[in-house]
Amino acid sequence: MRLRHRPGNEDPDLAPDQPETDNAPKGRVRGGKAAAGESSDTTSQKLYYLVFQDSPVQSLVNTKVPVDFEASSTVSVGRDPTNAIAFPDPDVSRHHAELSMVGARIMLKDLQSTNGTYTKEGNKFQQVNGSVPVKLKTIIKFGTSTIVQLVRETETFYEH
């Protein structure tokens with residue numbers, strides 16, 4: 001399991017010359033900010049993460065991928081490696097969805113994906129049409145089987 005960070009934030013456990021694998025989600029931290037677990041000398045927003053709850057790639061389950069709203073107020077999610085967060089699920093569109101920080105609110109937008117984006121409300125998943133606000137601990141489903149939870153660095157996640 002490898003997370004790939006953009007240059008300027010190389011993970012000490014991931015040598016720069018190692019290739020990315022198709023089975024690893026690529027959570028990219030940009031803008032010279034400290035990566036998860038490293039200290040930063042600047043005051044910054046709290047770090048957000050997507051924690052994989054379920055995936056067709058079982059090695060991704062419980063993986064925590066950073067969502068860096070400091071580098072960009074909009075974070076793209078999908079199968080294509082050009083996304084800020086990319087993971088190998090054939091039921092996820094190449095450019096599937098976006099998470100955006102709008103003021104103090106986090107918004108989730110489906111990018112007209114083939115298999116949809118959903119948020120869990122109670123015991124049911126509701127399809128996202130357009131853009132919807134999401135709260136911390138929200139369970140999000142991309143496509144038919146990739147399920148993540150939005151958490152903050154200090155938050156713990158719960159089973160779905």
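Visitor: What percentage of the 160 residues of the chain count as buried?
Guide: This is a predicted model, in which local features need pLDDT of at least 70 and side-chain atom pairs count only at pLDDT 80 or more, whereas totals for chains, interfaces and linings use all residues. Residues are numbered from 1 along each chain as its sequence is written, and side-chain values use heavy atoms, with hydrogens and water left out. Buried means under 20% relative accessible area, exposed means over 50%, and partly exposed lies in between, with a 1.4 Å probe and protein chains only. Of the 160 residues, the share that counts as buried is 42%.

Visitor: How many helices and strands does the secondary structure of the chain come to?
Guide: Helices (H or I, at least four residues) and strands (E, at least two) are DSSP runs, numbered from the N terminus. Read from the N terminus on, the elements run β-β-β-β-β-β-β-β-β-β-β-β. The count is therefore zero helices and twelve strands.

Visitor: What separates the C-alpha atoms of Val148 and Gln53?
Guide: Val148 has its place in strand E12 and counts as buried because its relative accessibility is 1%. Contact means heavy atoms within 4.5 Å, and, leaving aside neighbours within four places in sequence, Val148 is in contact with Leu50, Val51, Phe52, Gln53, Thr138, Ile139, Ile140 and Phe142. Although Val148 and Gln53 are 95 residues apart along the chain, their C-alpha atoms are separated by 5.1 Å.

Visitor: Is Thr119 buried or exposed?
Guide: Thr119 is found in strand E8, residues 117-121, and its contacts, leaving aside neighbours within four places in sequence, include Leu108, Phe125, Val128 and Ile139. A polar contact is a pair of N or O atoms within 3.5 Å, where within protein one must be able to donate a hydrogen and the other to accept it, and residues adjacent in sequence count only if both atoms are side-chain atoms; the side chain of Thr119 makes one with the side chain of Glu121, at 3.5 Å. Because its relative accessibility is 7%, Thr119 counts as buried.

Visitor: Which residue joins its side chain to that of Ser113 by a polar contact of 2.6 Å?
Guide: Ser113 is found in the loop between strand E7 (105-110) and E8, and it is buried, with a relative accessible area of 11%. Not counting residues up to four places away in sequence, Ser113 touches Ser93 and His96, and its side chain makes a polar contact of 3.3 Å with the side chain of His96. The polar contact of 2.6 Å joins the side chain of Ser113 to that of Asp110.

Visitor: What is the phi of Gln112, a residue other than glycine?
Guide: Most residues other than glycine have a negative phi, and most peptide bonds are trans. Gln112 lies in the loop between E7 and E8 and counts as exposed, at 77% relative accessibility. Its phi has a positive value, near 55 degrees.

Visitor: Where is Asn62 found?
Guide: Asn62 is not a glycine, yet it has a positive phi of about 75 degrees. With a relative accessible area of 48%, Asn62 is partly exposed. Its place is the loop between E2 and E3.

Visitor: Which strand do two bridges join to E4?
Guide: Strand E4 (residues 74-78) pairs in the antiparallel sense with strand E6 (residues 97-102) over four bridges, and Val77 stands opposite Ala97 in E6. The pairing over two bridges runs parallel, and there Gly78 has Ala86 as its bridge partner. The strand joined to E4 in this way, residues 85-86, is E5.

Technical notes: Pairing = 2+ DSSP bridges.
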